[in-house]
Amino acid sequence: MNRLLDRLDVPAPLLWIDADDYCERLLANGRAPWTDAAAWLAWQRKGQGLLRSDVVALPVARVIDAWLAAQPTVRSTMGLKNRLLLPLRTLLANEALRVHLVEMIGGLRSSQASTPVVLVLPSPRAWVAIAYRQAFADEPEPEVGADDADSAAVYIADFLRAFGEAGLDGALLVESAETVPASDDDLSCYGAVFNLAAHYRWACGIELPKTGDFDASALDFVISDEPQTGARRHGHRIAWQSETARAVHFSFITVPADGEPEQVLERLRRLRESA
């Protein structure tokens, strides 16, 4: 059974709400407890109780940003040698980080028994660049080729094995504007991640800032402004000011950090009624 795919395949579209920035301001005085699993879970439960997203997610990149700020030696280790893939490989091999993230997912699964739980992480191509910048802030933006993305996918697949028994329902790969796959070959570089997701029966999706020139049929779902070619299930990313949710499978919306609580609840109510 996969809770996410089960929900996506019923006639009533779901509403996936990204409210981390909003809840950080409203419920955590601007500093979400990303490095404290118990405190993070309590904060997340408050936000979920308030907004009732049909999907709950752990944004790995946000956790790692806070983790590196609290663990400067890890960042130093990532930058011991100026090689493109070494920062990501070093980061993902950190056992303490893996344990921390698995604990967070385990707590999320226990507290949200019937709600789909998704791990949100940068795509292999995007994560190479992010980790390199974290290790070498003063260096130029790196160029990430197909072989680099393919190797990164292998590292990420190994990293994801730690979550095999954590109760995940899905993994969402997030692309930047610069890393959207430009061809089917570009997307195939992520094959190690897709294969691992299939092995654990996770739904695997991708979030696109723009559509790309590739066939997305290898993925279970795609989040984008407009439908992506080949997407089996489309999550329509809607603007905050939109009055309607017009998705076939689900809508994805980000609550602005400065949203007023009464207006936020009213807007979400209208979106649910229009679905």
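Start in the middle of things: select Leu101, Leu119, Leu121, Trp127, Leu160, Phe163 and Leu268, which touch the most other members of the 78-residue largest nonpolar core. Helix H9 (residues 146-160) gives this core its largest share, eight residues. A nonpolar core here is a set of buried Ala, Val, Leu, Ile, Met, Phe, Trp, Tyr and Cys residues joined through side-chain atoms within 4.5 Å. Buried means under 20% relative accessible area, exposed over 50%, and partly exposed in between (1.4 Å probe, protein chains only). Helices (H or I, at least four residues) and strands (E, at least two) are DSSP runs, numbered from the N terminus.

A word on what you're looking at: this is a predicted model, where local features need pLDDT of at least 70 and side-chain atom pairs count only at pLDDT 80 or more, while totals for chains, interfaces and linings use all residues. Residues are numbered from 1 along each chain as its sequence is written, and side-chain values use heavy atoms, with hydrogens and water left out.

Now zoom in on Leu101. Skipping neighbours within four places in sequence, Leu101 is in contact (heavy atoms within 4.5 Å) with Leu58, Val60, Val63, Phe159 and Phe163. Then hop to a second, separate core of 14 residues, including Leu5, Trp16, Phe250 and Phe252.

Over to helix H8 (residues 124-135), where you'll find Arg125. Is Arg125 buried or exposed? Arg125 counts as buried because its relative accessibility is 8%. Its side chain makes a polar contact with the Tyr190 side chain at 3.0 Å. (That's a pair of N or O atoms within 3.5 Å; within protein, one must be able to donate a hydrogen and the other to accept it, and residues adjacent in sequence count only if both atoms are side-chain atoms.) Beyond four places in sequence, the contacts of Arg125 include Val144, Asp186 and Cys189.

Last stop: Gln48 in helix H3 (residues 37-51), buried at 13% relative accessible area. Outside its sequence neighbours up to four places away, Gln48 touches Ser53, Val56 and Gln112.
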